[in-house]
Amino acid sequence: MVSLFHKRHVTRLINCRWIAKPKSQFLSVIAALIFVLSATTVQAQALPTFGINALWIPGDANSLRERFRKARAIGIKEVRLDWEWRQAEKKQGEYRWEKFDILVKTAREEGISLLPIVHYAPDWALLKDRKADDVYELAPRAESYADFAKFMLNSILRYGPGGNAPVPFTPIKHWQAWNEPNLRQFWGPRPDPAGYARMMQQVRDTLAPVRSQIQIVHAGLSKIDIEFMWKLWDANARHGDTFDVFAVHPYLYDGNDGIREPEAMDRDDSKAGPMGFIGSIKDTGYMGKIFNIQLFMTLRGSPGKPIWITEMGYFVAKHRLGVDEAQQGIRLKRTVDFVKQKLTDQRFGEGARAIPANVQRLYWFSLEDYPSPEGLGTFGVFRPDGTLRPSGEMLRSYNR
């Protein structure tokens, strides 16, 4: 989350093996789709719930209190932030919860609910590869997947419904398992969909005793990466059983186009189009292709699962992919309005597209500016001096 500015916003060509299936398989998929669509129902939710991304570190009560009060000032009560494994278990099997106690206690006092992004493995759990300069986070070793799942479970037992934390807290019901594993920057040294799928199987099995009390939010994927999703389901045909909510980060930056408009779309693919997928199979950088995520899950046996946009934003800078403050506010409005009009509970289109995308939450990126080596972390709806940018005023207008 915190290092969007480490990412390279360039067009990624997708090698969609599923388009190359034999004709008989293609027709059977169409038949299955029509059957599933006829049986699919989605709980109606006309508008998305709004949240915002915020920093946790340094994690003292005063800095947290200031951030949470800023969120409340613009009508937001849901905050997504890092829940750092490395902060709790620096030595394997030994947990230190003091910083987490401060976090949850302060959040309760300020009327804030938390969406933790559980990630950042401690040194002992990391792969032993050298971390390249453009890699922000190395992946955990396969042998440590069970430790990651155990950390999630212990976090839930302490801070989830019925938790035993020794401080007052609001029970955390949603837990997000990692961040952007389809990018080498957050699953270094290279993305490994089979590895992430195995880790999620371990999470599912380990959290079985508390699964009825909480919901697992899938790691937010960078852009609409159907290729990565396909590989997840190739690795585990029941991958949809490992989470309750799917998440995506549909940033509209493109190395060729600059910043796209939310309603922009390229032409349908001649083979994927009849299956219901919108746009080409080559470009993941269109917001409307969030629908393709819902359609893919429907085809793979997980129809109607909620989708959350757990990151979306624009940075203020004199850069070809940056905007000025006024444009940041205008683009926020266009983005939110597009989600409301096309991607919530209404049917997306006709025929094979006659299902809702079912986007139920949108966590804006971000509350404040983030540290950035390139100076491009200026996503905040608050300026560094604590005053509100026009985007903050616009966001507040949706939460009155």
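The model is predicted, so local features need pLDDT of at least 70 and side-chain atom pairs count only at pLDDT 80 or more, while totals for chains, interfaces and linings use all residues. Residues are numbered from 1 along each chain as its sequence is written, and side-chain values use heavy atoms, leaving out hydrogens and water.

**Strands**

Select residues 78–84, strand β2. Strands here are DSSP runs of E with at least two residues, helices are runs of H or I with at least four, and both are numbered from the N terminus. Seven of the seven residues of β2 are buried, so the strand is largely enclosed by the rest of the structure. Buried means under 20% relative accessible area, exposed over 50%, and partly exposed in between, with a 1.4 Å probe and protein chains only.

Asn 53 has Arg 80 of β2 as its bridge partner.

Next, select Leu 114 in strand β3 (residues 113–119). Leu 114 is buried, at a relative accessible area of 10%. Its C-alpha atom is 7.5 Å from that of Leu 81, 33 residues away along the chain.

**The loop and α8**

Move to Asp 269, in the loop between β8 (258–259) and α8 (290–299). Asp 269 is buried but has no salt bridge, that is, a side-chain nitrogen of Lys or Arg within 4 Å of a carboxyl oxygen of Asp or Glu. The nearest side chain of opposite charge is Lys 282, 7.2 Å away; Lys and Arg count as positive, Asp and Glu as negative, and His and the chain ends are not counted. The side chain of Asp 269 does reach the backbone nitrogen of Lys 271, at 2.8 Å.

Then select α8, where nine of the 10 residues are buried, among them Phe 291, Leu 295 and Met 297. Just after α8, Gly 301 adopts a positive phi of about 90°.

**Rings**

The whole structure holds 34 aromatic pairs. Display Tyr 251 and Tyr 253: their ring centres are 6.0 Å apart and their planes lie at 20°, so the pair is stacked. Rings of Phe, Tyr and Trp (its six-membered ring) pair if their centres lie within 6.5 Å; planes under 30 degrees apart count as stacked, over 60 as edge-to-face and the rest as tilted. Both tyrosines, Tyr 251 and Tyr 253, are buried.

Finally, select Lys 342, whose charged end sits over the ring of Phe 348, 4.4 Å from its centre. This label requires NZ of Lys or CZ of Arg within 6 Å of the ring centre and within 35 degrees of the ring normal.

How values were computed
A polar contact is a pair of N or O atoms within 3.5 Å; within protein, one must be able to donate a hydrogen and the other to accept it, and residues adjacent in sequence count only if both atoms are side-chain atoms. Two strands pair if DSSP finds at least two bridges between them.
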